Amino acid sequence: MWRRISTVLRPSLSSFLNRKVHTGSRRRFVALWGNGDYGRLGLGSLQSQWTPTACRAFDDECPRAVACGGAHTLFLTEKGRVFATGLNDYGQLGVASEQNYVLEPLEVSGFSSKIIQVAAGFYHSAAITVDGELYMWGNNSSGQLGLGKRANSRISAPTKVDSLGGLSIKMVALGSEHSIALTDLGHLLSWGAGGSGRLGHGHRSNIMGLFRSSSEYTPRLIKEFEGLKVQKIAAGLLHSVCINEQGSVFAFGERTVEKLGFSQSKNATLPSLVNELPSCEEVACGGYHTCVITRDGELYAWGSNENGCLGIGGTYVAQSPERVEGLFLKLHVTQVTCGWKHTAAICGGRIFTWGWGGSHGTFSDHGYSSGGQLGQGNDVDYYEPTEVKLGENVRALQVSCGFNHTGLDFDPSRAPFVKLACVILAVSISVTRAGSGFSEGARSTRG
């Protein structure tokens with residue numbers, strides 16, 4: 001049940017940014033919005049936010065990337081330190097606290113060296129060191145941490161995946177109960193829950209025609225990509241997608257063909273080429289939808305279109321990739337990220353969101369909501385990409401969508417402060433409905 005909390009008026013972000021920039025402390029900041037349950041926004045309360053709100057926990061650190069998961073969030077700083085906030089029922093925060101959730105970011109320790117990428121899944125988390133070592137923690141009920149069959153089902157501290165010894169991990173992506181990783185040589189590994197073929201190992205169905213829920217407890221090489229070099233990866237609820245060095249897109253998992261754009265392929269347990277796409281360079285997976293960016297900066301989407309999460313207008317299912325048009329016809333898209341049923345993209349330093357807004361307007365009508373993850377000041381659905389107002393000259397750098405919250409790393413240093421007043425004046429309401437979701441990895445970027 002949702003629990004309504006009194007409305008709280010949050011101060012404008014402009015005075016905060018003005019003070020920080022004039023003291024020369026740093027140039028980059030992180031903002032979050034959406035469902036505030038369990039402290040996943042890291043703002044010190046359970047209140048939800050319907051417009052971007054600065055996280056003020058990093059006075060001594062410069063955030064470089066954010067990864068939003070089910071009901072928790074990971075932050076990566078310029079110094080390679082990791083912080084976490086939100087739900088901690090499976091130890092997914094990786095912090096010493098025994099609390100079920102925390103309201104503000106706490107530092108995650110125990111790594112052998114500087115961290116260069118973090119990723120947040122449904123209830124598990126991961127980090128990659130500068131040396132290519134992979135650490136994982138959180139829910140391990142299906143082997144999604146890759147620590148072996150004898151490992152505990154709940155790991156509350158970052159633990160090195162020893163079975164990857166000798167391999168240098170370049171990228172990691174987490175789904176609901178599975179994980180995939182990419183080596184520096186372009187080899188692809190997967191592990192965790194194998195239901196629906198999401199691991200890409202060709203698990204067979206039983207005599208009833210149902211996929212076996214076969215788990216892999218340690219990372220296993222996907223043999224179908226032998227001889228191919230994979231460059232980008234993403235993981236959704238029950239499917240995974242990757243791009244090879246030629247820009248071809250492959251998908252595996254989730255048996256329903258029309259949801260994944262498999263064309264004539266019926267065997268979703270093995271990687272299948274997604275047809276009708278130009279050469280691609282970026283990919284993101286949501287609950288049941290997928291987005292890719294072409295090398296020309298065009299955005300394509302396909303799969304389930306609940307709440308308009310594909311951004312193509314309406315809510316009809318796209319059985320094959322469709323180009324997301326509107327403003328994107330004139331803009332070069334540089335990053336895309338998918339939540340459960342909402343999507344965000346960056347182009348030209350501006351951020352756009354669309355899809356599931358929360359509760360179909362109940363915020364406006366009744367004063368409570370489970371969402372606000374689009375950052376549009378309400379909780380209604382948007383069927384086409386709509387710009388999130390950050391103020392003139394504010395530059396969006398990296399964005400991540402969780403189940404029903406969103407995080408953004410941005411640079412406001414070039415913005416006139418008198419114009420930054422439009423960035424935020426948020427009315428916050430707390431809801432206590434649990435949420436969950438997925439995140440592609442968030443990698444440290446240099447502005």
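Where does Ala71 lie? You'll find Ala71 in the loop between β4 and β5. Bear in mind as you look around that this is a predicted model. Leu41 is 30 residues away from Ala71 along the chain, yet their C-alpha atoms are separated by 8.9 Å.

Four strands make up an open sheet in the order β4-β5-β6-β7, and the pairing is antiparallel. The edges are taken by β4 (63–68) and β7 (101–108), each of which has a single partner strand, so one side of each has no neighbour in the sheet. On average, neighbouring strands here are turned by 15° against each other, ignoring direction. Look at β5 (residues 72–77) and β6 (residues 82–87): these two pair in the antiparallel sense over five bridges. His72 stands opposite Gly86 in β6.

Next, the rings. There are 14 aromatic pairs in the structure. In one of them, Tyr38 and Tyr101 have ring centres 5.9 Å apart and planes at 70°, so this pair is edge-to-face. Tyr38 sits in the loop between β2 (29–34) and β3 (47–54), while Tyr101 is in strand β7, so the contact ties together parts 63 residues apart in sequence. Tyr101 is partly exposed, at 33% relative accessible area.

Another edge-to-face pair is Trp356 with Phe403: the centres are 5.7 Å apart and the planes stand at 85°. Trp356 comes from the loop between β26 (350–355) and α3 (362–366), and Phe403 from the loop between β28 (395–401) and β29 (405–411), so parts 47 residues apart in sequence are tied together. Both Trp356 and Phe403 are buried. They also belong to a cluster, in which ring pairs link Tyr288, Trp340, Trp356 and Phe403.

Finally, check two backbone spots. Ser196 isn't a glycine, but its phi is positive, near 70°. Ser196 is in the loop between β14 (188–192) and β15 (216–221), and at 16% relative accessibility it counts as buried. Asn307, also a residue other than glycine, has a positive phi near 60°. Look for Asn307 in the loop between β22 (299–303) and β23 (318–323), where it is buried with a relative accessible area of 10%.

Key. Residues are numbered from 1 along each chain as its sequence is written. This is a predicted model: local features need pLDDT of at least 70, side-chain atom pairs count only at pLDDT 80 or more; totals for chains, interfaces and linings use all residues. Side-chain values use heavy atoms; hydrogens and water are left out. Two strands pair if DSSP finds at least two bridges between them. Axes are lines fitted to C-alpha atoms, for helices over the stretch in contact, and angles run from 0 to 180 degrees between N-to-C directions. Buried means under 20% relative accessible area, exposed over 50%, partly exposed in between (1.4 Å probe, protein chains only). Rings of Phe, Tyr and Trp (its six-membered ring) pair if their centres lie within 6.5 Å; planes under 30 degrees apart count as stacked, over 60 as edge-to-face and the rest as tilted.
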